Amino acid sequence: MRQFPLEMHHLEPGRVVEWRLRSTAEAVPGPVAVPAPVAATAPPVTDGPAPDASGAPGRRASFNQDKHFSVAEESRGADDPVASWLAVTFEVEGALDEGALARALLGLVQRHEVLRCEFRRLAGELACEPLAAGELVLEAEHVATFDSAELLRGFLVERFKRSIDTLSWPLFTMGAVLRPDSATVFLAFDHIVCDGMSMPIVVREVLGTYEALRRGEEPVLPPAPSYLDFAEEQRRRYLSIDAGDERLGYWKSFIQGNGEFFPRFPLDLGVEPDRMYPIVNEASTLLDAAEAEVFEKACAEADGKPFMGVLGSVAVCLREAGGPGVYRGFMPVSERGRGSWNDAVGWFVNTMPIEFDASPGRDFAQVMASVKAGFGEMIRHIDVPFVRAWELLAPEEFAARSWPYPVNFFSYLDMRRCEGAERHHEWRPATHVWSARANGACSWFQRDAAGLHMNSLYVDTAPARRTMTDFQEALRQTVQSIARSGGFRRPVVLTAPRGPQRQVPVRG
């Protein structure tokens with residue numbers, strides 16, 4: 001399971017059907033394709049406490065959700081909407097049983113409380129108001145039939161853009177491309193209700209339920225933890241902290257070394273201050289399956305993990321292109337391990353700063369040791385939510401609708417560790433991300449059974465295209481060198497010039 005642009009997906013054409021979600025509490029007439037809740041598929045779910053007498057919301061959004069919603073509100077008010085979506089696609093062999101798939105999709109929504117939420121600003125706070133699971137129904141609609149893969153891909157991209165709106169419920173769209181002997185199922189979500197690790201959960205639950213129903217069985221799943229409970233716990237723990245709280249010590253130390261809250265992407269992307277740009281969305285494979293296995297062994301021999309090897313390689317490539325010897329960047333880290341959240345759909349991501357030494361002359365083992373030490377230090381201070389640290393330590397930048405300039409960002413997921421990964425070769429799931437505009441670059445790395453892959457979104461400027469093309473090729477050569485020889489390749493000077501940097505002291 002890997003992440004790549006939807007435009008790169010080899011979708012076979014066919015008939016597109018969508019299932020629209022609505023609440024029976026609304027006075028909306030029309031035929032209902034799934035007239036009853038799927039009780040056996042979706043265990044009982046509590047809807048949470050009602051607002052108290054003061055009018056305060058009974059369920060509060062997480063810090064990630066609140067900031068995301070605020071940006072949507074502000075951009076809409078300025079007639080400058082910020083648009084993005086996260087989608088998953090997967091395959092069903094044989095003629096699709098539309099009724100069984102509809103029940104499986106409805107069961108998913110009934111089971112995960114965050115998917116049933118409407119978000120509203122109440123008394124200054126963002127309230128999550130989940131609709132009752134038993135009030136939800138799906139309505140099937142034939143959308144169109146396509147005889148061209150290119151037209152189908154274009155239609156889906158535009159459909160996701162138009163249908164995903166942070167300020168409107170529902171916050172996702174569901175459908176399938178039907179053919180006589182197969183189907184491609186698609187679901188696209190606003191980030192406010194899910195993260196990248198939610199996608200394999202969606203695939204496993206929908207297909208598991210669908211297959212059970214096709215066998216004539218009533219599937220029974222264990223209760224799903226609610227992201228709303230996680231959000232409420234997060235609010236209780238961190239809403240009252242201030243800038244003097246000792247738990248912000250790691251962030252303050254990072255800022256002291258970095259010179260500012262956000263770590264800058266160290267190469268030239270040709271962007272102007274306070275301007276957003278259309279994006280380039282591209283993906284490629286860095287290592288095939290066999291190379292990735294050898295790369296993993298080389299990392300283990302250096303007493304590290306594959307993601308540390310990739311991160312160390314990124315740092316060395318940036319340095320060789322003119323970046324600093326000390327790597328500083330942001331890294332998203334899953335918060336699912338802090339509770340029983342592994343089967344929950346939601347936005348369980350904290351973004352943390354990481355720094356380590358990748359100075360010239362350090363070999364692969366030495367850089368790996370630095371990455372491991374830096375990662376360990378980061379994990380020891382993972383408690384404070386990123387959005388809360390941002391609000392407290394960089395309040396002027398927190399008021400903006402985007403990060404202030406190109407930020408150094410690294411993300412890595414090993415999709416082989418997801419439940420259901422043993423069947424990914426059958427289901428052929430894939431994730432797809434899209435954003436309308438950006439002012440920098442973000443890269444995501446995924447390991448799956450087919451190898452190591454990279455997906456990057458970056459500003460569509462001539463300098464950025466040159467920089468990112470050269471960086472990607474240098475990184476490919478570097479990780480391949482580690483797989484072949486157990487160490488970094490000989491340095492190659494890239495053509496990408498170094499971007500504007502603030503002169504700051506290097507700690508340690």
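## Exercise 1: Helix 3

Which residues of helix 3 are buried, that is, under 20% relative accessible area?

Solution, step by step:
- The buried residues of helix 3 are L152, R153, F155, L156, V157, R159 and F160. Exposed would mean over 50%, and partly exposed is in between, all with a 1.4 Å probe and protein chains only.
- Before going on, note that this is a predicted model, in which local features need pLDDT of at least 70 and side-chain atom pairs count only at pLDDT 80 or more, while totals for chains, interfaces and linings use all residues. Residues are numbered from 1 along each chain as its sequence is written, and side-chain values use heavy atoms, leaving out hydrogens and water.
- Helix 3 covers residues 149–163, and its end C-alpha atoms are 21 Å apart, which agrees with the 21 Å that 15 residues should span at 1.5 Å a residue. The expected span is 1.5 Å times one less than the number of residues.
- Now look at the partners: the buried residues pack against strand 2 (15–23), strand 3, strand 6 (136–145), strand 7 (172–178) and strand 8. Contact here means heavy atoms within 4.5 Å.
- Helices (H or I, at least four residues) and strands (E, at least two) are DSSP runs, numbered from the N terminus.
- Finish at the start of helix 3, where a side-chain oxygen of S148 reaches to within 3.3 Å of the backbone nitrogen of E150.

## Exercise 2: Helix 9

Solution, step by step:
- Helix 9 runs through residues 364–379; from first C-alpha to last, these 16 residues reach 22 Å, close to the 22 Å expected at 1.5 Å a residue.
- Its buried residues are F364, V367, M368, S370, V371, G374, F375 and M378.
- An α-helix has 3.6 residues a turn, so residues three or four places apart point the same way.
- The cover over these buried residues includes helix 6 (249–258), helix 7 (289–301), helix 8 (306–320), strand 10 (326–334), strand 11 (349–357) and helix 13 (462–485).

## Exercise 3: An arginine in helix 13

Which residues is R476 in contact with, leaving aside its neighbours within four places in sequence?

Solution, step by step:
- Locate R476 in helix 13; with a relative accessible area of 17%, R476 is buried.
- The contacts of R476, with those neighbours left aside, are S284, T285 and L286.
- Although R476 and T285 are 191 residues apart along the chain, their C-alpha atoms are separated by 8.4 Å.
- A polar atom of the R476 side chain lies 3.4 Å from the backbone oxygen of T285.
- The side chains of R476 and E473 also make a polar contact (2.9 Å). A polar contact is a pair of N or O atoms within 3.5 Å; within protein, one must be able to donate a hydrogen and the other to accept it, and residues adjacent in sequence count only if both atoms are side-chain atoms.

## Exercise 4: An arginine in helix 5

Is R235 buried or exposed?

Solution, step by step:
- Find R235 in helix 5 (residues 227–238).
- R235 has a relative accessible area of 4%, so R235 is buried.
- Leaving aside neighbours within four places in sequence, R235 is in contact with R60, A61, S62, F63, D66 and E125.

## Exercise 5: Backbone details in loops

Which peptide bond is cis, with omega about 0°?

Solution, step by step:
- Most residues other than glycine have a negative phi, and most peptide bonds are trans.
- The cis bond joins W169 and P170, and P170 lies in the loop between helix 3 and strand 7.
- D303, not a glycine, has a positive phi of about 65°. D303 is in the loop between helix 7 and helix 8 and, at 53% relative accessibility, counts as exposed.
- R428, not a glycine, has a positive phi of about 50°. R428 lies in the loop between helix 12 and strand 13 (430–435) and is partly exposed, at 43%.

## Exercise 6: The whole protein

How many helices and strands does the protein have?

Solution, step by step:
- The secondary structure comes to 13 helices and 16 strands.
- Of the 508 residues in the protein, 56% are buried.
- Among contacts with a separation of 6 or more, 82% are between residues 24 or more positions apart.
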